[in-house]
Amino acid sequence: DRRVDRGCREEARMNFTVEVCVDSVESAVAAQSGGAQRVELCDNLMEGGTTPSFGAIEAARELLSIKLHVIIRPRGGDFLYSETEFDIMRRDIVTAKRLGVDGVVIGILDANGNIDTARTAELTRLARPMTVTFHRAFDVCRDAFRAVDELASIGVDRILTSGQEATAVEGLEMLAELVRYAGDRITIMACGNLNERNIKKVITATEASEAHFTAFGEVGSGMLHRNERVFMGGALRPPEYSRAVTDAEKVRAAIDAI
C-alpha cells in the first residue's frame, strides 16, 4: 500500500536528524527549504569552521524555524587554546545564548591529544539550556572510547565524528563501534563527505541516528566588471567570481536517500 509505505518513510524521517553545515545565512535558509531539521552555522569552512559573526547568527535566528547550532571556535588550526582564546569562547557562548541559538558546537583538547575535560565541562555548564555538540576535534583525539566516556560523563549531548578517518566511508567500522559503545549515553552524529550517493550505506551500517553534511552548489558572481589578476585569499586563491551556496535540492536528495 502506497500510503503505508509513505507513512513508514515519514516515520523514519521523524526518528532521524539531518544537520546541514552552512557558512552563510543564505545557505541556512536553503538547508531549511531542503528539509533539514537543523543547521550548524559556521564561518571560514576552508579552515574547518570558525565562529560566525553575531549579525549572521541573529539574522539566521530570525529567518529559521528549524534548530540553529553555532560553532564556537576562535580560530583554525589545532584545538589547544590559550587562556585568551578560551575566554573568547566563553563570551561567544554567552552571546549565542542571548541571540536564541539552540545549541553550540565546541571542541577542546590538551597537548597530549586528550579531551580537555575541565574546560569542556565549564563551557557545557555555561551553554545550558542550549545543547552541546563536541565537534571533530574528537577525530584527532588520542583515545576515542575514553573520549566517549568523558564527554558522556560531562553531559555533552552529541559527538560529531567520521570515525577518526578522513571520511565516514573510510571510518565506517569505527563509526559503527562508536554508536554501539555510546549507546544511550551520548549521540554519535556521523559526518565526513556524506552525500546522496553514500549516506544510506553509512547510516545503515552504523545505525547512527543523526547525520551532518554540506550540500553546496556553485553560484556565479553578478559582477559585470572583473579584475581577475587580483586575489583576496592570499596563497589559497579561492575563486573571486563564484561562491559555494547550499543547494536545497542536494539536501532533499540526501534525505530521500536515507
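Student: Why is Glu26 called partly exposed?

Tutor: In this predicted model, Glu26 has a relative accessible area of 43%. Buried means under 20% relative accessible area, exposed over 50%, and partly exposed in between, with a 1.4 Å probe and protein chains only. Glu26 is therefore partly exposed. The model is predicted, so local features need pLDDT of at least 70, side-chain atom pairs count only at pLDDT 80 or more, and totals for chains, interfaces and linings use all residues. Residues are numbered from 1 along each chain as its sequence is written, and side-chain values use heavy atoms, with hydrogens and water left out.

Student: What makes the pair of Arg243 and Glu26 a salt bridge?

Tutor: A salt bridge is a side-chain nitrogen of Lys or Arg within 4 Å of a carboxyl oxygen of Asp or Glu. The closest N and O atoms of Arg243 and Glu26 are 3.0 Å apart, so the pair qualifies. Arg243 lies in strand β10 and Glu26 in helix α2, 217 residues apart. Helices (H or I, at least four residues) and strands (E, at least two) are DSSP runs, numbered from the N terminus. At 45% relative accessibility, Arg243 is likewise partly exposed.

Student: Which residues of helix α2 are buried, and what covers them?

Tutor: The buried residues of α2 (residues 25-33) are Val25, Ser27, Ala28, Ala30 and Ala31. Their cover, counted by contact (heavy atoms within 4.5 Å), includes β1 (17-22), β2 (38-41), α3 (54-63), β9 (216-220), β10 (242-246) and α9 (248-257). Just after α2, Gly35 takes a positive phi of about 110 degrees.

Student: How do you know that Arg91 and Asp87 are separated by about one helical turn?

Tutor: Arg91 and Asp87 are 4 residues apart in helix α4 (residues 83-98), and therefore about one helical turn apart. An α-helix has 3.6 residues a turn, so residues three or four places apart point the same way. The closest N and O atoms of Arg91 and Asp87 are 2.7 Å apart, and the two form a salt bridge. Arg91 counts as exposed because its relative accessibility is 55%, whereas Asp87, at 24%, counts as partly exposed. Both belong to a network of salt bridges that links Glu83, Asp87, Arg90, Arg91, Arg119 and Glu122.

Student: What makes the salt bridge of Arg158 with Glu210 a tie between parts of the chain?

Tutor: The closest N and O atoms of Arg158 and Glu210 are 3.0 Å apart. Arg158 lies in strand β6 (residues 158-161) and Glu210 in strand β8 (residues 210-213), so the pair ties together parts 52 residues apart in sequence. Both Arg158 and Glu210 are buried. A search of the whole structure finds 18 salt bridges.

Student: Why is Val104 called buried?

Tutor: Val104 has a relative accessible area of 1%, and is therefore buried by the cut-off already given. Val104 is in strand β4 (residues 103-106). Leaving aside neighbours within four places in sequence, its contacts include Val70, Ile72, Ile93 and Ala127.

Student: What makes a set of residues a nonpolar core, and how many residues has the largest?

Tutor: A nonpolar core is a set of buried Ala, Val, Leu, Ile, Met, Phe, Trp, Tyr and Cys residues joined through side-chain atoms within 4.5 Å. The largest has 66 residues, and those with the most contacts inside it are Leu68, Val104 and Phe138.
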